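Me: I would like to learn how to read the features of a model like this one, step by step. Could we go through it together, with the general idea ahead of each case?

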Amino acid sequence: MTIDLRSDTVTRPTAAMREAMARAEVGDDVFGDDPTVLRLQQRVAEMLGFEAALYVPSGTQSNLVALMTHCGRGDEYLVGQQAHCYRWEAGGAAVLGSIQPQPLPQQADGSIALADIAANIKPDDAHFARSRLLCLENTWGGRVLPQTYVQEATALARSKGLACHLDGARLFNAAVASGRSAAELAQPFDSVSVCFSKGLGAPVGSALCGSREFIQRAHRWRKMAGGGLRQAGIIAAGALHALEHHVDRLAEDHANARRLAEGLQGLPGVQVTPPQTNIVFVDLPAERAAGLVERLAERGVLCTGLYTLRFVTHLNVTADDIDRALPVLRELLSA
């Protein structure tokens, strides 16, 4: 039996989630009258402490819509060099929004040094793009962004006239791991994107949260980006079920990630980063890494490995799965 640790995006809807989706009351969301979408948007906005929310097909579109709502043509957003909304979303802000990214180096915990933020906010001068937005990400590589830092960084940005957006694709993982509410983690930001199809286990969708006026403007960009869906309540029901039933259980994923990391400790030449949430990174010598992902797959353990090996626990991975994967991993990582 295959144990899929590639990502928490590979989950399958539970039987209860499928039942909720099958029973979903629907309307036409482009007209704004799909009752299940409306309930989902209200629920996630309340959970994050915002006035309103907008259901979108993906986290990539959620971040893009946020950037295009905050920034105009020729504006600039400050963002981490490895941040998802800069590096991993196909350059959409620049290509589709005519928004200039200002990527900045990140520290080991995913933060951007306050001095680097301050030094890269442009003066009001025709030679420069207009600095309009600071983007942070939580979690980052499975690590919870320190809340004290978040408060300092967003306060700095606002003191210079910038708005603040959070890519919170795995914000609920951060909340469960830190013991803080999602609303507390979201509070310093003007807008927050959260994903339902990662750790929460829904099949489709993300939400963008913000003020009522911000979401009204974002709605237009969602339409332009092709995100206007019709009877979207069928998939929104899965996301709503996930919010109501799958948040607290994220602690199980975090425990399984720790179980995996602890089981890989002590292998010669292998460095395992202790996980804070549900992502485990494993570094090993280059000569041992070549072809390893493929060899693991042949033995029924799936993972990814662009730079280091990445293992992600999720709704469809149990403690028994981890225990079955560990002997295979220890054997091949040691070879």
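Me: Which residues have the most contacts inside the largest nonpolar core?

Reply: In soluble globular proteins, nonpolar side chains tend to be buried together. A nonpolar core is here a set of buried Ala, Val, Leu, Ile, Met, Phe, Trp, Tyr and Cys residues joined through side-chain atoms within 4.5 Å, where buried means under 20% relative accessible area, exposed over 50%, and partly exposed in between (1.4 Å probe, protein chains only). In this predicted model, the largest such core has 53 residues, and those with the most contacts inside it are Leu48, Ile117, Phe172 and Phe196. Leaving aside residues up to four places away in sequence, Ile117 touches Leu78, Leu104, Ile112, Leu134, Tyr149, Ala153 and Leu156, contact meaning heavy atoms within 4.5 Å. A second, separate core of 26 residues includes Ile3, Leu260, Val270 and Val301.

Me: What should I keep in mind about the numbering and the values?

Reply: Residues are numbered from 1 along each chain as its sequence is written, and side-chain values use heavy atoms, with hydrogens and water left out. As this is a predicted model, local features need pLDDT of at least 70 and side-chain atom pairs count only at pLDDT 80 or more, while totals for chains, interfaces and linings use all residues.

Me: How do helices α8 and α12 lie relative to each other, roughly parallel or roughly perpendicular?

Reply: Helices (H or I, at least four residues) and strands (E, at least two) are DSSP runs, numbered from the N terminus. Axes are lines fitted to C-alpha atoms, for helices over the stretch in contact, and angles run from 0 to 180 degrees between N-to-C directions. The axes of α8 (residues 171-178) and α12 come within 9 Å and cross at roughly 75°, so the two helices are roughly perpendicular, on a scale where under 35 degrees is roughly parallel, over 145 roughly antiparallel, 65 to 115 roughly perpendicular and the rest oblique. Phe172, Asn173, Val176 and Ala177 of α8 make the contact with Leu250, Ala251 and His254 of α12.

Me: Which strands stand at the edges of the sheet?

Reply: Strands of a sheet pair through backbone hydrogen bonds, either parallel or antiparallel. Two strands count as paired if DSSP finds at least two bridges between them. Here, an open sheet of three strands has the order β9-β10-β12, with antiparallel pairing. β9 (271-273) and β12 (309-312) stand at the edges because each has a single partner strand, which leaves one side of each without a neighbour in the sheet. Four bridges join β10 (residues 279-283) to β12, and Phe281 stands opposite Arg310 in β12. Helix α12 (residues 250-264) packs on this sheet, touching β9, β10 and β12, and its direction makes about 20° with that of β10.

Me: How many salt bridges does a search of the whole structure find?

Reply: Side chains of opposite charge can pair when their charged atoms come close. The search finds 16 salt bridges, each being a side-chain nitrogen of Lys or Arg within 4 Å of a carboxyl oxygen of Asp or Glu. One of them joins Glu213 and Arg217 (2.6 Å, N to O), which are separated by about one helical turn because they are four residues apart in helix α10 (residues 212-224). Another joins Glu331 to Arg299, with the closest N and O atoms 3.0 Å apart. That pair links distant parts of the chain, 32 residues apart, with Glu331 in helix α15 (residues 319-334) and Arg299 in the loop between α14 (292-298) and β11 (301-302). Asp75, Arg130 and Arg132 are linked in a network of salt bridges.
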